[in-house]
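Trainee: I have a chain open and have not looked at it before. Can you walk me through it?

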Amino acid sequence: PMQACGLGSAYLPAYYLGVNGAALLGAAVVAVSSPAAAAALQLCGALLPTVHAAELCRQLIAVLLPITARSGAVLPTDPLVAVVYAVTAVCTSSVLVAPLPRRVAARSAGGLGLVAVCCVCFALGSRASPFTDATPKRLVVQHIYRELEGAPHSSGLWVSAFDFSGLRELRETPAAAALLPAVAARTPYACDLDPLTPAPPPAAGRLLFDPPVRPTGCYLSLPFYFPLGGVLGTPDGQGAVFATTVAGRSVKPPPIPQRKRVRIERTGAAPGPEPGSRTLSLRVSGPSHMGVAAPETRLLAWSFAAAEAPRPPVPRRSPFAPDERLHFAFLTCGSGGGAEPCLWDLTLVVNGSAPLPLAVTGHYPDIADTPELEALSEALPTELRADWHWFSSMVQRVELPVGGAETVAYS
């Protein structure tokens, strides 16, 4: 009735308190003549609300698990999920043991029994693989084609593990290790298209300089789908690799249709609102899913539509990559299946007169059956692959001139 009146979940207090309250009143009536019956009434009164609360918790955990799995490259999710389950079980079921006898010996024996069961379950669980056909390992596999200043640069397979175990399972699979020597050799990748910034002088009391850093992470070298570099990490050979050879052969570019290739066009340039700044008008065309990355130190303001005034971007500080100084934007438009490319008009206000390091990425979820991707898929058992995150991507890396007013295009 409360839901029919538009009160939503307001029935919960009445449901929880009414059923349990009625059971407590009944137990109080029969407690003198029959303590066992009183305990049974209390259990029955607490059972229905407990089952209802447990079902709500189950639905919430079903939403929570995919989210925690996506942060598994930083923290092991199994202990976190175990704690969530334990807290949920204790909170929802402890009311059921309240009517039971409270003898110390009985409680001690019960506690020891539960600890023993937990130890046995932990021993059995640690012997089994955490990945199955129903719960496969999360691998992000992209067949990448990279262009530098509009000219072909390189191609490869970017393989990232989206869980805490990294690429260990691939290295332990002989067929996959033979197919991708970079996985077996733990070959790191240096993010060659990102600018290298000298480290500051050593602080007081330190004798050595810090190593040079790349404040843009790896976003100008690889086509990140979202700004998740701090979670996925750079291809260090442990949790991710960028393999330019497969089974001893160089990786060929994926077959990207000409109409869906990433194209960058600077349609105009003018003095900016601040001294020494420039306003750049860009038109980006490509597939249905595109991203743009630019250094934070150069970008003063931007807008994503021709009619909008540029606004200062909000600095992004990832707790997993606090040293990153980068701005990232993402565009989706339809399904990408049309004959015409998607168009994206941007306005950037930048400081300085030096060319602007810029990367525009295009993602092609519909190109997921290249020979290289199929070879890797066939080399892995079913529990180590999932179809939804195998696709092709392209990154167009340019040093965009900020001077002059002529049209400059890269394609």
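This is a predicted model: local features need pLDDT of at least 70, side-chain atom pairs count only at pLDDT 80 or more; totals for chains, interfaces and linings use all residues.

Trainee: OK, how many helices and strands does the chain have?

Mentor: The chain has nine helices and 14 strands. Both are DSSP runs numbered from the N terminus: helices are H or I with at least four residues, strands are E with at least two.

Trainee: And what share of the residues counts as buried?

Mentor: Of the 411 residues, 40% count as buried. Buried means under 20% relative accessible area, exposed means over 50%, and partly exposed is in between, with a 1.4 Å probe and protein chains only.

Trainee: What about contacts between residues 24 or more positions apart?

Mentor: Such pairs make up 74% of the chain's contacts with a separation of 6 or more. A contact here is heavy atoms within 4.5 Å.

Trainee: On to the sheet. In what order do the seven strands come?

Mentor: The order is β3-β2-β1-β13-β12-β8-β10, in an open sheet with mixed pairing. Two strands pair if DSSP finds at least two bridges between them. At the edges are β3 (240–243) and β10 (326–332), each of which pairs on one side only. On average, neighbouring strands are turned by 20 degrees against each other, direction ignored.

Trainee: How do β1 and β2 run, and how many bridges join them?

Mentor: β1 (residues 139–148) and β2 (residues 151–161) run antiparallel and are joined by 10 bridges. Ile-144 stands opposite Gly-156 in β2. β2 and β3 also pair in the antiparallel sense, over four bridges, with Val-159 opposite Val-241 in β3.

Trainee: Are the faces of β3 covered or open?

Mentor: Both faces are covered, with Ala-240 and Phe-242 buried on one side and Val-241 and Ala-243 buried on the other. In a regular strand, side chains alternate between the two faces of the sheet.

Trainee: What is in the loop between β1 and β2?

Mentor: Glu-149 is found there. Its phi is near 55 degrees, a positive value in a residue other than glycine. Most residues other than glycine have a negative phi. At a relative accessible area of 33%, Glu-149 is partly exposed.

Trainee: Which strands does helix α9 lie across?

Mentor: Helix α9 (residues 371–379) lies across β1, β2 and β13 (390–400), and runs at about 135 degrees to β13. Axes are lines fitted to C-alpha atoms, for helices over the stretch in contact, and angles run from 0 to 180 degrees between N-to-C directions.

Trainee: Which of its residues are buried?

Mentor: In α9 the buried residues are Glu-372, Leu-373, Leu-376, Ser-377 and Ala-379. They are on the same side of α9 because they cover an arc of only 165 degrees around the axis, the arc being that of the directions from the helix axis to the C-beta atoms. On the other side, Pro-371 and Glu-378 are exposed.

Trainee: Now the largest nonpolar core. Which members touch the most others?

Mentor: Of its 31 residues, those are Trp-344, Leu-348, Leu-356, Leu-358 and Leu-400. Strand β11 (residues 342–351) gives the most to this core, with five residues. Another core of 23 residues lies apart from it, including Phe-131 and Leu-157. A nonpolar core is a set of buried Ala, Val, Leu, Ile, Met, Phe, Trp, Tyr and Cys residues joined through side-chain atoms within 4.5 Å.

Trainee: Last one. Is Ser-277 buried or exposed?

Mentor: Ser-277 counts as buried, because its relative accessible area is 6%. Ser-277 is found in strand β7 (residues 277–286). Its side chain reaches the backbone oxygen of Glu-274 at 2.6 Å. A polar contact is a pair of N or O atoms within 3.5 Å; within protein, one must be able to donate a hydrogen and the other to accept it, and residues adjacent in sequence count only if both atoms are side-chain atoms.

Definitions and conventions
Residues are numbered from 1 along each chain as its sequence is written. Side-chain values use heavy atoms; hydrogens and water are left out.
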